[in-house]
Amino acid sequence: MRGRIIKGIAGFYYVRCGDRVYECRAKGVFRKDNRKPLVGDWVEMDVLDESEALGNISQLLPRDSELIRPAVANVDQALVIFAVVKPQPNFNLLDRFLIMMAQQGVRSIICFNKLDMDTEGIHREYRRIYEACGYPTLAVSAKQGTGIEALQALLAGHTTAVAGPSGVGKSSLINCLQSGVVMETGEISAKIERGKHTTRHSELIAIGDGAYILDTPGFSSLGLFDLEKEQLAGFYPEFAEHERRCRFGGCAHIQERDCGVKAAVAEGAVSKMRYENYCLLYGELSRMQQREGNRKQRGGRY
């Protein structure tokens, strides 16, 4: 039988075949070949006990895509959810996520939740900033149901990895998108305006119109992996049209004179917030590369 892994917990894989979900183990041959089934994988399975819905995964079918973080298969886009307020969005974290998805060839949609709490209309500025960078961006209210139809239209026909920090209403929003699995929701800590982590494992959920959402555990920090500081500007698409004004080839847009990107920031053509995040991430990557260079030099002395 052919099915799709919707959840994996402690060595058990839950495979949906039609309307039925089977609890499966993976054959030892996968371990010998250093292959591990992932949530989102299409598989062939053998039924061991129909009445108890037990089976064995016998074959992993070819993947269209594979993400490293989160470790999932056959995802073709990502939905990153932040709250407009409570908690205030961490844009450095948002930019890190966008870079991480772009590194893996997955397009990102940005969703600002808790529109009902946005008394000052600040979501309009947030959307303007990221839409100018080419990202589909929308604002919704899971509590009031505002914007849910527009979000469903963006998800239709896709398998979408859903991620965001704790406390932004991610599970509440997922509950608005489907009627089967009810995700546990957490409350916000009044002291630190941070939510409890309510997602403990990745889970694939069918939401109709050929669409699946893959809920992943909340994240609070993301390191940049396999990225050189010289590559970072390429992940800020709004820089591209201004780089031709840079005086020096290979301009890092940090301390150089006559930099087109810095001029665009001063003119308001590039978001100051986005540029400041770029500078912070560039500095982080520079320090990482310096430490790695020092480590290699010390290793060469012995």
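Helices and strands are runs assigned by DSSP, numbered from the N terminus. In this predicted model, Ser108 lies in strand E9, which spans residues 107-113. Ser108 is buried, because its relative accessible area is 5% and the cut-off for burial is under 20%. Several residues beyond its sequence neighbours touch Ser108. Leaving aside those within four places in sequence, Ser108 is in contact with Ala78, Phe97, Leu98, Met101, Tyr135 and Pro136.

The chain as a whole holds seven helices and 13 strands. Of its 302 residues, 47% count as buried. Its accessible surface comes to about 15800 Å². Carbon and sulfur atoms account for 47% of that surface. Among contacts between residues at least 6 apart in sequence, 64% join residues at least 24 apart.

The largest nonpolar core has 44 residues. Val15, Ile57, Leu94, Ile110, Phe112 and Tyr130 have the most contacts inside this core. Helix H2 (residues 91-103) supplies the largest share, seven residues. A second, separate core has 20 residues, including Cys111, Leu138, Val168 and Ile207. Ile110 can be followed in detail. Beyond its neighbours within four places in sequence, Ile110 is in contact with Val80, Leu94, Leu98, Tyr130, Tyr135, Pro136, Thr137 and Leu138.

Ala102 also belongs to helix H2. Ala102 is partly exposed, with a relative accessible area of 38%. The C-alpha atoms of Ala102 and Ala78 are 9.9 Å apart, while 24 residues separate the two along the chain.

Two helices show how buried residues are placed around an axis. In helix H3 (residues 123-131), the buried residues are His123, Tyr126, Ile129 and Tyr130. They lie on the same side of H3, because they cover an arc of only 125° around the axis. In helix H6 (residues 260-267), Gly260, Val261, Ala264 and Val265 are buried. Their arc covers only 145° around the axis, so they too sit on the same side of H6. Ala266 and Glu267 are exposed on the other side of H6. Gly268 follows H6 and has a positive phi, near 85°. An α-helix has 3.6 residues a turn, so residues three or four places apart point the same way.

Strands E12 (residues 203-208) and E13 (residues 211-215) pair in the antiparallel sense over five bridges. Gly208 has Ala211 in E13 as its bridge partner. E12 and E13 form a hairpin, with two residues between them. Asp209 lies in the turn and has a positive phi of about 55°.

Gly147 occupies the loop between strand E10 (137-139) and helix H4 (148-155). Gly147 counts as partly exposed, at 25% relative accessibility. Leaving aside neighbours within four places in sequence, Gly147 is in contact with Leu138, Ala139 and Val140. Gly147 and Cys111 are 36 residues apart in sequence. Their C-alpha atoms are 9.9 Å apart in space.

A search of the whole structure finds twelve salt bridges. One of them joins Arg20 and Glu50, with the closest N and O atoms 2.9 Å apart. This pair links distant parts of the chain, 30 residues apart. Arg20 is in strand E3 (residues 20-26), and Glu50 is in the loop between strand E4 (42-49) and strand E5 (54-60). Arg20 is partly exposed, at 33% relative accessibility. Glu50 is also partly exposed, with a relative accessible area of 40%.

Other salt bridges lie within a helix. Glu131 and Arg127 meet through their side chains at 3.0 Å, N to O. Both lie in helix H3, four residues apart, about one turn of the helix. Glu131 is partly exposed at 38% relative accessibility, and Arg127 is partly exposed at 27%. The side chains of Glu292 and Arg295 form a salt bridge at 2.6 Å, N to O. These two residues lie in helix H7 (residues 272-300), three residues apart, about one turn of the helix. Glu292 is partly exposed, with a relative accessible area of 34%. Arg295 is partly exposed as well, at 46%. Elsewhere, salt bridges that share partners join Asp41, Arg63 and Glu66 into one network.

Terms used: Residues are numbered from 1 along each chain as its sequence is written. This is a predicted model: local features need pLDDT of at least 70, side-chain atom pairs count only at pLDDT 80 or more; totals for chains, interfaces and linings use all residues. Side-chain values use heavy atoms; hydrogens and water are left out. A nonpolar core is a set of buried Ala, Val, Leu, Ile, Met, Phe, Trp, Tyr and Cys residues joined through side-chain atoms within 4.5 Å. Buried means under 20% relative accessible area, exposed over 50%, partly exposed in between (1.4 Å probe, protein chains only). Contact means heavy atoms within 4.5 Å. Two strands pair if DSSP finds at least two bridges between them. Accessible areas come from the Shrake-Rupley method with a 1.4 Å probe; for residues, only the protein chains shown count as cover. The arc is that of the directions from the helix axis to the C-beta atoms. A salt bridge is a side-chain nitrogen of Lys or Arg within 4 Å of a carboxyl oxygen of Asp or Glu.
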